[in-house]
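Trainee: Could we go through this model together, taking one question at a time?

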Amino acid sequence: MSDSPLVVDDVSVTLGGREVLSGVSLTAERGELVGLIGPNGAGKTTLLRAIRGGVPTAAGAVTVTGQSVSSLSAREIGQRVATVPQETELSFGFSVKQAVAMGRHAHIGRFGTPDETDQAAIADALARTSLESLADRPVTDLSGGERQRVLLARALAQATPVLLLDEPTASLDINHAIRTLETVRAVADDGTAAVAAIHDLDLAARYCDRLVLLAEGDVVAAGDPDTVLTSETLADAFDATAVVSHDEVTDTPRVTALPAESTPTADEEE
Amino acid sequence: MRVRQRAATWSLGLTTVLAVAITLSAGIGPVRIPPETVVKILLNAVSVPAGIEIAPLSVAGTLQLPVPTLRWRPAIAFPVDQTAETIIMRVRLPRIVLAATVGFALAAAGTVMQGFFRNPMADPSIIGVSSGAAVGAVAAIVVPAAIPFGLGLRGAAFVGAILTAFAVYLIATEGGRTPVATLLLAGVAIQAFLGAVIAALQLYSGEGLRAVVHWLMGHLGNAGWSDVTITLLIVPVLFVILLAYARDLNVLLLGEEAAAGLGVEVERTKRLLLAVSAVLTAAAVAVSGVIGFVGLIVPHMLRLVVGPDHRVLLPAAALGGASFLVITDTIARAGATEIPVGIVTAALGAPFFLYLLRNREVHAL
């Protein structure tokens, strides 16, 4: 076995009698950003939950930094895997800094208080997400995009070898989406193994080193964005007709979805 | 570091408020005693260890064992009026200390329940603790023969409270998971059911009706030191456990999924918080009856003032609850005829809370 921070080996998950994941395998290396793509209900969120031990696995194993997730306590997992949730309750009037500081929970003992390492991690997370100027504002006063950044900062403050993101850009405008992914990209470049479920295929292609295409709980395709994003795989997975062209500006694949009935023609392919 | 300082500052300030409230309250009553006399009497009651005595203890008749015991002596001896001292130490202080302890327990449990349920309407009795205590107490009054083991009124109330909380927990738990929404609804249903039981018992209570109504309204009167001791021993221990989980409670406010991701053992933490809060509430309700409002409104008041961080809020709310109940109980007993303290807590607390609500920017909960 490799010493990859994250190894998902042939994992199956059954929820309510239905098999949501069937034999999914995936690895993420240090410094790598892996994009998890696929239609709604493909099992992306369940896979992320399985990685952090949030759902029991029926078969297979998740290994984080060499240790099986099922043998770790919640606290030990919290020191190894951080998650940016799609949305979360931030309704209580905590300040931005307090909310981000909660990312350190797993690192602080029951009777302890944050030490210099914790303070440094919090400051670094605030800086990376450009939240310093908002640090003392109540979370409830922020816009949706700013709150999403708070969630990202909280996960960064956890300072874990593995970072999971569940649709981090789903509710963001294009500017905030780009900024979020730039931050995630930078964090990955610094040595974190990041796995992000992303709906926007163009953004996924642009920022991820590798893509894993899930459909009906199965890995349909995995590899370079260029090899995963093809008309054939997308037609299979999304049950939609899509044209994949090349974006000259970003030098990455561009996906144009078309209604299922229409057939792509030569001129649409540009 | 900053959090600890804030917690310490607020705790110190609110302890001072409590000390002042206790001193003033002890002076108020049919016999007025000036505060400085009260302070002298209270200081006279402070004992310090004066040395170790070796007292011979005979074992089995013949063998003599030297046993060291601490000898205590009063630290200070102000000359004070004996009658005043008796009134304060034997009559008023037990009741005041009981009020402080009950208020402390109810406000602490209420704070935890509101955070736990992420619901502003949550109070200490939300999982049926008060209703269970009421059934136990009313049964003890109406059909004393039905209470086994000579538990007495308080014992029956305490056991009723704990059994009810446990039943609600079991009903709401499936496969090791206790969803908060299920727990809340199970609590509401059980409270409604027990309400019917209490009403039925009242209907057939006959001679005992006055005693039943008196208990149900909440009361702190006729408290002696023996009533206070057990509650005074239980409450601080349980509070320290809750305080140790204050940061987990903060994280739980983000939702259980997020809390698990941040390293909280969610189900285990929930079980512990529930159990400790239930015992804390039961210990209070068993001695004082159902005193509403303290556990619901005091946490909100303090949350508006000190913010949502439980490391600061929990001690602040508990101390605030203690002062609040000491003050309201003093008002309840200050008039010509004593009124149930529950009436005073609601009548005074609600307007004050509404005032805070209007004058503070309320973000959420």
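Trainee: How far apart do the end C-alpha atoms of residues 153-171 of chain B lie?

Mentor: Bear in mind throughout that this is a predicted model. Residues 153-171 of chain B are among the spans that the UniProt record, an unreviewed entry, annotates as "transmembrane region". In the model this span is 100% helix and 0% strand, and its end C-alpha atoms lie 27 Å apart.

Trainee: What span should helix α14 of chain B have, given its 19 residues?

Mentor: Helix α14 of chain B runs over residues 341-359, and the expected span is 1.5 Å times one less than the number of residues.

Trainee: At which residue does α14(B) have a kink?

Mentor: The kink in α14(B) is about 25 degrees and comes shortly before the proline B:Pro351. The buried residues of this helix include B:Val341, B:Val344 and B:Gly349, and the buried residues of α14(B) pack against α7 (209-217), α12 (294-306) and α13 (310-334) of chain B. The residue at which the kink lies is B:Gly349.

Trainee: Which helix supplies the largest share of the side of domain 1 of chain B that touches domain 2 of chain B?

Mentor: Chain B is divided into domain 1 (2-45 + 81-359) and domain 2 (49-80), and their centres, taken over C-alpha atoms, are separated by 38 Å. Their contact takes eight residues from domain 1 of chain B and five residues from domain 2 of chain B. On the domain 1 side, α2 (35-44) and α3 (82-117) of chain B each supply at least two residues, and the largest share, five residues, comes from α2(B).

Trainee: Which helix gives the most to the side of chain B that touches chain A?

Mentor: Between the two chains, 25 residues of chain B are in contact with 26 residues of chain A. On the chain B side, α1 (2-27), α9 (246-252) and α10 (256-261) each supply at least two residues, while the residues of that side divide into 13 nonpolar, six polar and six charged. The helix that gives the most, with four residues, is α10(B).

Methods:
Residues numbered from 1 in each chain as written. Chains lettered and ligands numbered in written order. Predicted model: local features only at pLDDT ≥ 70, side-chain atom pairs only at ≥ 80, totals over all residues. Contact = placed C-beta atoms within 7 Å. Nonpolar A, V, L, I, M, F, W, Y, C, P; charged D, E, K, R; others polar. Domains from an automatic or database assignment. UniProt positions renumbered as here; feature names shortened; annotations may be inferred. Bend = angle between axes of the 7 residues up to and from the residue. Buried ≥ 20, exposed ≤ 12 C-beta atoms within 10 Å, placed from the backbone.
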